[in-house]
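User: Please walk me through this structure, one question at a time.

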Amino acid sequence: MRISVIGCGYLGAVHAACMAQLGHDVIGIDVDPRKVEALENGQAPFFEPGLPELLTSARETGRLHFSTDMAAVAGAQVHFLCVGTPQKQGEFAADMKYVNMAFADLVKHVQPGDVVAGKSTVPVGTAEGLSEQLAPTGAVLVWNPEFLREGFAVKDTLYPDRLVYGLPTDDEGVPTAEGEKAKAALDEVYARTLSEGTPLVTTDFATAQLVKVAANSFLATKISFINAMAELCEATGADVTRLADAIGYDARIGRRFLNAGLGFGGGCLPKDIRAFMARAGELGVDQALSFLREVDSINMRRRVRVVDLAREVCDGSIVGRKVAVLGAAFKPDSDDVRDSPALSVAAQMQLQGAHVTVTDPEAVANARAKWPDLHFADSAVEAARDADVVLLATEWAEYRELDPAALAGVVAHRRILDGRNVLDPARWRAAGWTYRALGRP
Ligand code: UDX
């Protein structure tokens with residue numbers, strides 16, 4: 001099939017490359033000429049495992065191209081809308097300007113019978129409005145949310161847990177004839193994925209839009225739940241990692257997403273739960289989501305707590321102390337620093353008078369662009385040189401595997417804060433380190 005992908009960020013670039021991998025002819029559109037040039041040359045504009053290989057193989061097959069010109073979507077039967085919906089400055093609500101701009105441009109180039117598939121995470125009600133705008137063109141809108149995680153984006157796109165189609169429906173909630181045709185087009189796009197037994201949920205627009213924010217709210221709640229338990233563990237001398245193991249054996253609870261630590265960040269969970277609260281307010285059901293306010297504040301409290309821990313281990317003050325922060329990305333296997341807990345903590349410590357040096361295997365360039373006042377180092381050893389305290393803030397494999405004996409030789413004081421609960425306390429203590437963590441004795 002011929003497919004277009006509008007917006008080539010973390011979502012769109014991966015989606016475009018995966019669609020080409022599934023055998024489709026794909027044109028990716030982005031307003032940023034540098035991004036388009038890099039992608040057209042087979043280079044990933046950000047770090048995402050597996051993406052460079054897909055771009056290289058697509059160059060060989062000639063199935064994947066990129067352009068800044070929306071007119072290049074002509075001839076595509078399905079157009080995926082993959083632009084970002086960041087948080088509005090100073091507000092909880094999502095900023096819809098990229099969706100609105102891209103959509104207004106796309107509408108000029110679609111043909112009757114084309115399918116426009118929305119993938120961006122949007123406030124519920126958006127699809128209904130876009131569908132009305134699209135109607136005069138004879139093209140049809142469907143909502144097909146994306147659930148990919150950065151770091152696993154290629155795998156999550158090629159082998160998703162489920163596919164969701166939100167179709168236009170009549171007054172009785174039954175898909176319209178146009179909706180059925182659009183479903184058939186999406187079935188063709190995802191033929192291989194569906195043939196592998198991937199569950200498909202077909203529903204209406206509102207449900208499809210809600211599925212995405214509901215899933216992210218649940219995940220955020222799970223993380224904040226265990227971080228709230230970490231606060232209890234800190235007050236009682238209990239160990240949150242053992243607690244998570246024990247409750248996680250209950251299949252109704254499950255161990256995944258129960259890793260206590262510095263909490264969630266990134267371009268999705270924080271802004272999505274806030275936008276969801278804002279939308280619930282507009283819909284007059286703000287009480288239904290008031291718990292998300294608590295989820296958000298538990299999450300933000302972890303960042304404050306780790307600064308307090310640094311102060312505790314440094315005998316009451318971090319003023320003038322050298323702090324090494326291992327990690328800048330919001331999670332491992334990503335160079336994304338949007339709402340990164342690691343950088344937020346680094347900046348707080350610096351603001352409070354510490355000399356902070358940050359390192360990260362992939363995210364230093366992005367971090368430096370956003371936080372030019374922080375100091376950066378090329379390796380954990382460099383960052384830790386003469387440090388009074390070392391904070392593991394993003395659990396990259398290379399930091400999990402650090403040798404406490406080797407690092408002991410470069411620091412001024414052997415004090416380690418395990419912001420992600422991934423180190424073995426006994427091993428670090430045996431090498432003479434003061435080990436402190438979030439939610440562990
Ligand atoms: C998330 C959702 O998982 C994905 O389905 C959605 O499409 C987009 O948002 P992503 O933001 O890429 O994906 O990362 P995710 O793996 O969910 O992690 C989010 C944050 O939560 C990270 O900062 C991570 O460090 C943190 N986290 C995750 C925890 O603190 N504890 C956990 O147990 C799991």
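**Helix packing and the ligand shell**

Analyst: The axes of α9 and helix α10 (residues 240-248) come within 9 Å and cross at roughly 130°, where axes are lines fitted to C-alpha atoms, for helices over the stretch in contact, and angles run from 0 to 180 degrees between N-to-C directions. Helices (H or I, at least four residues) are DSSP runs, numbered from the N terminus. This is a predicted model, in which local features need pLDDT of at least 70, side-chain atom pairs count only at pLDDT 80 or more, and totals for chains, interfaces and linings use all residues. Residues are numbered from 1 along each chain as its sequence is written.

User: Which residues of α10 make the contact with α9?

Analyst: Two residues are in contact if their C-beta atoms, placed from the backbone, lie within 7 Å. On the α9 side the contact is made by Ile226, Met229, Ala230 and Cys233. From α10 come Val240, Leu243 and Ala244.

User: Which helix gives the largest share of the shell around the ligand?

Analyst: A residue is near a molecule if its C-beta atom, placed from the backbone, lies within 6 Å of it. Of the 19 residues around the ligand, Glu150, Asn259, Phe264, Gly266 and Cys268 come nearest. The largest share, 3 residues, comes from helix α9 (residues 205-236).

Terms used:
Helices (H or I, at least four residues) and strands (E, at least two) are DSSP runs, numbered from the N terminus.
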